[in-house]
Amino acid sequence: MNFSQLIAGTMTWGSWGKNLDQDQMATLIKTCADVGITTFDHADIYGGYTTEAAFGSAFKKSGISRRSVQFITKCGILYPGGNRDIAFKHYDYSKEYIIWSVEKSLENLQTDYLDLLLLHRPSPLMQTDEIAAAIDKLKTSGKIKQFGVSNFTPTQTDLIASKTKIEYNQIQFSVTQHDALTNGHLDHMILNQIRPMAWNPLGDVFRIENEQTVRIKELLVRLMAKYDASPDVLLLAWILKHPAGILPVFGTANSERITQLIKSTEITLDNEDWFALWVESRGEKVP
């Protein structure tokens, strides 16, 4: 499956963020596609179960061919609020719920297939046979092309993979959240031919002012001139350099920023600069 090197995360496109109207969302979809960002990441819960449908209507209005883009969505979290009667947050990975959720996402997105379905977060009650049976039926019917997980540890991934093939794992990963470099998560994915995706790929660099982010930003200022690139582009290039082939899922809904972020796919950081960013994040020398 040829997903774009950068993936557009839609969580903030709807009522959980920018609350874009149909025309604004259609324009943003076209902006992404025009610069080569053809993969769009969803979850059924976004916008209180409303953003998928808003995106589906906007995509139809955009006039872009469905075959030229890729849709990812996640299921399994039952979330209070929005347009479903749910009392408290919990998880459901029964065969019936997974299939129902996919069919609902297909309806909302106005498409007849998903390029990738992810289980949103692991549940202590998940049963591998139930999950495998659902995925087998969805693949056989052509409703999903590929299957993966999100926020799963190596052992949780192996548990599901014992019954059905896992092709992707979407984890939190950035220059400020980099435990996956040393805790075996990325090694496990490389060994098992599971492609990583990274949500919140810019981390806390522009969200929090602390000793860690100050050190990182000071280094980024020095690297900007060397690579003729903005700080956020350099942070994505840092992720893209990893041999696991990590696909960053960015969250901005700003068209101008999106057209800049794609420049990260054209930059290869020198090894020394890659390690320098890791060191500044750690606040100590590499192990």
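Biologist: Which residues does Ile-29 touch, not counting residues up to four places away in sequence?
Modeller: Ile-29 touches Trp-13, Phe-40, Phe-55, Ala-58, Phe-59, Ser-62 and Ile-64. Bear in mind that this is a predicted model.

Biologist: Where does Ile-29 lie, and is it buried or exposed?
Modeller: Ile-29 lies in helix H1, which covers residues 22–34. It counts as buried because its relative accessibility is 0%.

Biologist: How far apart are Ile-29 and Ala-253 in space?
Modeller: Their C-alpha atoms are 9.7 Å apart, while 224 residues separate them in sequence.

Biologist: Nice. Let's move to the strands. How many of the residues in E3 are buried?
Modeller: Six of six, so to speak: strand E3 runs over residues 70–75 and is mostly covered, with every one of the six buried.

Biologist: And which way do the side chains of E3 point?
Modeller: Gln-70, Ile-72 and Lys-74 point one way, and Phe-71, Thr-73 and Cys-75 point the other way. Both sets are buried, Lys-74 included. In general, side chains in a regular strand alternate between the two faces of the sheet.

Biologist: Which strands pair with E3?
Modeller: Strand E2, residues 39–41, pairs with E3 in the parallel sense over three bridges. Strand E6, residues 116–119, also pairs with E3 in the parallel sense, over four bridges.

Biologist: What stands opposite Gln-70, and what is the bridge partner of Cys-75?
Modeller: Thr-39 stands opposite Gln-70. For Cys-75, the bridge partner is Leu-119 in E6.

Biologist: Staying with strands, where is Met-197, and what is it in contact with?
Modeller: Met-197 sits in strand E9, residues 195–199. Leaving aside neighbours within four places in sequence, its contacts include Ile-72, Leu-116, Phe-3, Ile-7 and Tyr-168. Ile-72 is one of the buried E3 residues. Other contacts of Met-197 include Asn-169, Gln-170, Ile-171, Ile-246, Leu-247 and Val-249.

Biologist: Is Met-197 buried or exposed?
Modeller: Buried, because its relative accessible area is 0%. Its C-alpha atom is separated by 8.6 Å from that of Ser-150, which is 47 residues away along the chain.

Biologist: Back to helices. What about His-188: where is it found, and is it buried or exposed?
Modeller: His-188 is found in helix H7, residues 185–191. At 12% relative accessibility it counts as buried, because the cut-off is under 20%. Beyond its neighbours within four places in sequence, it is in contact with Pro-154, Thr-157, Asp-158 and Ile-194.

Biologist: And Ser-281, what does it touch?
Modeller: Not counting residues up to four places away in sequence, Ser-281 touches Val-175, Thr-176, His-178, Gln-212, Arg-215 and Ile-216. Its place is in helix H11, residues 271–282, and with a relative accessible area of 4% it is buried.

Biologist: Why does Ala-53 count as partly exposed?
Modeller: Because its relative accessibility is 30%, and partly exposed falls between under 20% for buried and over 50% for exposed. Ala-53 is found in helix H3, residues 51–62.

Biologist: Changing topic: which phi value does Asn-19 have?
Modeller: Asn-19 has a positive phi of about 55°, although it is not a glycine. Most residues other than glycine have a negative phi. Asn-19 lies in the loop between strand E1 and H1, and it is exposed, with a relative accessible area of 54%.

Biologist: What about Asp-228, what is its phi?
Modeller: Asp-228 has a positive phi of about 50° and is not a glycine either. It sits in the loop between helix H8 and helix H9 and counts as exposed at 70% relative accessibility.

Biologist: Zooming out, how many helices and strands are there in the protein?
Modeller: There are 11 helices and 10 strands. Buried residues make up 54% of the 287 residues.

Biologist: What radius of gyration does the protein have?
Modeller: The protein has 19 Å, which agrees with the value near 19 Å for a compact globule with 287 residues. The C-alpha atoms fill a box of roughly 50 × 45 × 35 Å along the principal axes.

Biologist: Last one: how far apart are the mean positions of the positive and negative charges?
Modeller: The mean positions of the 29 positive and 33 negative charges are 3 Å apart.

Terms used
Residues numbered from 1 in each chain as written. Predicted model: local features only at pLDDT ≥ 70, side-chain atom pairs only at ≥ 80, totals over all residues. Heavy atoms only, no water. Buried < 20%, exposed > 50% of the residue type's maximum accessible area, 1.4 Å probe, protein only. Helix = DSSP H or I, 4+ residues; strand = E, 2+ residues; numbered from the N terminus. Pairing = 2+ DSSP bridges. Rg over C-alpha atoms; globule rule 2.2 N^0.38 Å. Lys, Arg positive; Asp, Glu negative; His and termini not counted. Charge placed at Lys NZ, Arg CZ, Asp CG, Glu CD. Contact = heavy atoms within 4.5 Å.
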